[in-house]
Structure formats: structure tokens, C-alpha cells
Amino acid sequence: MTATPATSTHSIFRAEGFSCPSCVAKIEKQVGRLKGVQNVSVKFASGRVEVDHDASVTTTDEIVAAIDKAGYTSVLSAF
């Protein structure tokens, strides 16, 4: 019997308040600390934050809170 991989959800957020490329690292570091987060990708030019996470461990609300804690306003995006 093989182990089933953890379920992964791909969530997209829009963040505001970027002033420099170092903002990307701040968000990636803050969100990356959350349990259940496998990958974080921040697009500086568009303000798009893509997160692969286990939704049963880390909710989208917790990710928004982590982005807010890094100093940026964010919302879950449909695309």
C-alpha cells in the first residue's frame, strides 16, 4: 500500500502596498512559516501571491493574516 500525498490547494491572493522587490521576500518568508504551506510565489509587478497549501492545515484566512502581518493588505482572488 502506498501513502497518499497530502492534499494541496492552490490559492491566489491579491496584495497591495508593494514598494520594492524586497517586499516579495517579506511576504514569502511570513507565509512560508505557516504549517501546511508547500510553496509561495509572489509576483511583484502584479501584486499576485500564489500559495500551495494543505487547506485542512492552513486556511486562506490564515494566509491573508500572514500577508497582513508582513505589512501588506491582501484578499483571496478568483484569478
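Reader: In strand 4, which residue is the bridge partner of R14?

Author: This is a predicted model. In it, strand 1 and strand 4, the latter covering residues 73-77, pair in the antiparallel sense over five bridges. R14 takes part in this pairing, and its bridge partner in strand 4 is V75.

Reader: Which residues have the most contacts inside the largest nonpolar core?

Author: In soluble globular proteins, nonpolar side chains tend to be buried together. The largest nonpolar core here has 18 residues. Strand 1 (9-16), helix 1 (22-32), strand 2 (37-43), strand 3 (48-53) and helix 2 (60-69) each give two or more residues to this core. Those with the most contacts inside it are I27, V31, V49, V51 and I67.

Reader: Leaving aside its neighbours within four places in sequence, with which residues is I67 in contact?

Author: I67 is among the residues with the most contacts inside the largest core. Once the neighbours within four places in sequence are left aside, the residues in contact with I67 are F13, A15, I27, V31, V49, Y72 and S74.

Reader: How many aromatic pairs does the structure hold, and what is the angle between the planes of F18 and F44?

Author: The structure holds two aromatic pairs. In one of them, F18 and F44 are stacked, with 6.0 Å centre to centre. This pair links the loop between strand 1 and helix 1, where F18 lies, to the loop between strand 2 and strand 3, where F44 lies, 26 residues apart. The counts and angle asked for are therefore two pairs and 10° between the planes.

Reader: Is F44 buried, partly exposed or exposed?

Author: A residue is buried under 20% relative accessible area and exposed over 50%. F18, at 18%, is buried. F44 has 36% relative accessibility, so it counts as partly exposed.

Reader: Is the aromatic pair of F18 and Y72 stacked or edge-to-face?

Author: Y72 lies in the loop between helix 2 and strand 4, 54 residues apart from F18. At 7% relative accessibility, Y72 counts as buried. The rings of F18 and Y72 are 5.6 Å apart centre to centre, with 90° between the planes, and the pair is edge-to-face.

Reader: Which residues do ring pairs link into a cluster?

Author: F18 pairs with F44, and F18 also pairs with Y72. The residues linked into a cluster are F18, F44 and Y72.

Conventions. Residues numbered from 1 in each chain as written. Predicted model: local features only at pLDDT ≥ 70, side-chain atom pairs only at ≥ 80, totals over all residues. Heavy atoms only, no water. Core = buried A, V, L, I, M, F, W, Y, C linked by side-chain atoms within 4.5 Å. Buried < 20%, exposed > 50% of the residue type's maximum accessible area, 1.4 Å probe, protein only. Helix = DSSP H or I, 4+ residues; strand = E, 2+ residues; numbered from the N terminus. Contact = heavy atoms within 4.5 Å. Pairing = 2+ DSSP bridges. Phe/Tyr/Trp six-rings, centres within 6.5 Å; stacked < 30°, edge-to-face > 60°.
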